[in-house]
Amino acid sequence: MSTPLSRIRNFSIVAHIDHGKSTLADRLIQLTGTVAERDMKEQLLDAMDIERERGITIKANTVRIDYPAQDGQTYVLNLIDTPGHVDFAYEVSRSMRAVEGSLLVVDATQGVEAQTLANVYTAIEADHEIVPVLNKVDLPAAEPERVAEQIEDVIGIDASDACLISAKTGVGIPDVLEAIVQRLPAPRGGDPDAPLKAMLVDSKYDQYLGVICIVRIVDGTLKKGDRIRMMKTGGTYDVDDVGVYRPAMTAVDRLGPGEIGYLNASIKQVRDTRVGDTITHEKKQCAEPLPGFKPSVPVVFCGLFPVDTSEFEDLRDAIEKLALNDASFSFEMETSAALGFGFRCGFLGLLHLEVIRDRIEREYNIELITTAPSVIYHIFMKDGERIDLHNPADMPDPSKIGHVEEPRIKATILVPDDYLGDVLKLCQDRRGIQLDLTYAGSRAMAVYDLPLNEVVFDFYDRLKSVTKGYASFDYEMIGYREDNLVKMQVLVNDEPVDALAMMVHRDRAEMRGRAMCEKLKDLIPRHMFKIPIQAAIGGKVIARETLSALRKDVTAKCYGGDASRKKKLLEKQKAGKKKMRQFGRVEIPQEAFISALKMDE
Amino acid sequence: MRSGNSWPVALPEDRPGLETWQRAGFGLYVHWPFCAAKCPYCDFNSHVVGRVDQARWAEAFRAEIARAGAETPGRILSSIYFGGGTPSLMEVDTVAAVLDTARDTWTFANDIEITLEANPGSVEAARFHGYRAAGVNRVSLGVQALRAPDLRRLGRLHSVEDARRALGLAREVFDRVSFDLIYARQGQSLEDWRAELSEALEMAGDHLSLYQLTVEPGTAFWTRAQAGGFRGLPGEDLAAEMYELTQELCNAAGLPAYEVSNHARPGSESRHNLIYWHAGDWAGIGPGAHGRLGSGAQRVATETALAPTAWLAAAEAGDGISRRTSLSPQDQAGEYIMMGLRSFDGIEIDRARAMWDAALPDDKLADLVGDGLLVLEGATVRTTPRGRLVLNGVIRELMA
């Protein structure tokens, strides 16, 4: 059933979170009758609860729409819904390479956001034709002219013929469908008789079918029974099934050039597949793989420990199951004196970390302690050896260290100019170096070179808070640079707490140490003795607080009839304390491990 | 300060600790569950009913005493305590029936203490001579406050003047008189309490119970506190200062504390309550009454039905006890530690370990002594003044 190239349009939708990407996708699917009305639900393409709830897309999804256009022809429209978040930038770039055009959806009441910028540039890099779509024009606060102007100023594309729509009410959707057909190009080239060359766009694990790969055929034809080869990983598989999403999986005989669909080849785990890999036939291989493949590399690390130490095996099970569907996160067992057995996990970014953590807690019902997120430091030893430090607790003896390099990012922040001062101060406080500052209308765009470790914990929260939610933020990694970085230890009642150890810049150590001690003083309940809380670098204490002793906790009345009840009460309280972590004689509540690291500046 | 494993553990072959139930005395607790009105702070088993058939209740108490007597042959009774509820709503004949039956059932100690809790209302005071004639030799009056607005807030039906009058009469009629006050009340300052306690000490007999207000689950105050409508209670620091001031004033007045909330002239401590704090034996009768009876290494906790009608039916059918639980060695030691550390006499390490050999681990004792919360004198452990104020924490720490 291969479709002629001239009647195929492949596209993605670029939008900032909440600007209406998923709603638009829903409308396109609905208007073309791809899904029966009764099966329609909000955000059809976001399969996971977490995706639906957070309004984010984690895995690429695709849907095939048959559209009878005004020219009398029926076109095949393939929409790839890409992850919109910076954590998945590489996955986004692969999805973009699989299509020829993009709808740029901008909320007409909000304007362009940083995340839109990053993704639209990815689309431009992929040579996309771009159709601007201004959404929410039905709202009183909509300013389509101003936003169109902003698109031209900031992004530099023509927005004069933007589609004006309301994805919510359905206004303007037919215009969008026509624009896709008329303004986006058909897939280029494509020889159905050439050796198979297909891009692996994404893959996901289905508990009944195994791994399902989303593929874009460039050359050749893919059909059931073919023996295929993944050119990077070298794996070979027999194709059980090929098909398309409408959005339900629908088997087809074959997929030809320009088409997007799925293949199922009894692949055991997602880990065996690599986003961006080239698929070819085992017998008749294509000469060259597609360009631009790179394996995904975790950049943010943290420890995940079960609150209830007896749930370690359950956690292992959960992590292994999640890893089946996510090749981009890494894990290895970790032991902490404070927290017991857990895993040191690597993620593509903070959102990725949160998504995995939420899924473990929600889908596997395991309460977790998450240690402070950390990045990978390059420790250059005096003897010339380089150690990649994932966990501050593993910091080698400082006297043997030559120098330490940390990862830096280029951050782009878009903010209404009313809040610019607060944003610049925040970036400055986080050791940022300003690279650029420009204005587009009443919005400023600040570009900063920032250390990733200053960003991984709560930078985004702080940014949201100082700008009342009006700033948007995006970043890319720009490499490593040497700086004066030291390991700060935290001692509670003279016992070092490994889970609270962190790498800090020497100049900021006192400030961080003081803030940490003050925070812990509030977070640790008073005990019957006073507790010194100290921050130290090496053996030197740089900050100190004292948690005073509890003064009064005594039952006023206790006679014969009260004995059983009061004893049970005390036993219950004692059991409650077992949920805390014991450090020497001090009990520290779980939430302290995360809360202590949030800095109120 | 000692540390490590150097605590003396003398455990003679015959484990004499097991016999100290007898040494700590044997008491009878009688619960009268009725009140004229329920107080908003009270979490005791009390009920408000229109009319009580006192003759029927007296009969039920008689039956229960006979049953309890059969289970404790040969014991010498050192105390009887009428608690409630409001026992001063008992008719004199009802009290007399209980005391006469008890006298026929057990041998009374020469110095037996017979206490009745009374409200300081005028109706109750009218019965004082009758109670005295029936054998009551000590009353404990629920004065609670010497400030009219506070009495109203605490839901008490008597006035400050009623309290003074009742106390005066009680001191004429009975050998020994105690009264209760509740402090650390809403809006109370340290100076307010100093003035009120000083007045109380002027009026005091040989004993005072001074409780900090506690909002207990199941009370009207609790419901209000949960709804956020209970403000102005002193914070931890003020409550601690109030407690310390209480010790200071009572010591100066010759009524030092001998338990967390109880003060007495030396020799006038409540013998009945010391049975609880020294982990002695007592039989408990009446609705919701608990008891503890030891026999060899066994110790049995008894409970009765909470509802007055249910208890009455059970007692009339021949056994008012609804549950008998044999306490494990660990529970026995746990109760001894929890109750015993309340008393300024402290606990005997040997006795606790005779109940359960893992009781009072040396390292925990050493930590708590090091923190200045416990002191060790010979083989006796006592709380320090600071330890007493955080006793719940000390007990939790010592729990296995």
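A residue counts as buried when its relative accessible area is under 20%, as exposed when that area is over 50%, and as partly exposed in between, with a 1.4 Å probe and protein chains only. By this rule, 58% of the 601 residues of chain A are buried. The model is predicted, so that local features need pLDDT of at least 70 and side-chain atom pairs count only at pLDDT 80 or more, while totals for chains, interfaces and linings use all residues. Residues are numbered from 1 along each chain as its sequence is written, chains are lettered from A in the order in which they are written, and side-chain values use heavy atoms, without hydrogens and water.

Contact here means heavy atoms within 4.5 Å. Among the contacts in chain A with a separation of 6 or more, 69% join residues 24 or more positions apart.

For the complex, the predictor gives an ipTM of 0.89 and a pTM of 0.67.

The two chains meet through 45 residues from chain B and 27 residues from chain A. Buried area is the accessible area (1.4 Å probe) that two parts lose on being put together, summed over both. Chain B and chain A bury about 3,500 Å² between them, with 53% of it on carbon and sulfur atoms. On the side of chain B, E236(B), N392(B) and R396(B) lose the most area to chain A, together 19% of what that side buries.

Ten salt bridges cross this interface, each a side-chain nitrogen of Lys or Arg within 4 Å of a carboxyl oxygen of Asp or Glu. R585(A) forms a salt bridge with D367(B), and their closest N and O atoms are 3.2 Å apart. The largest share of the side of chain B that touches chain A, seven residues, is supplied by α17(B).

K566(A) lies in helix α13 (residues 563-577) of chain A and is buried, because its relative accessible area is 8%. Leaving aside neighbours within four places in sequence, K566(A) is in contact with T555(A), K557(A) and C558(A), and also with E216(B) and M338(B).

Note on methods. Helices (H or I, at least four residues) and strands (E, at least two) are DSSP runs, numbered from the N terminus.
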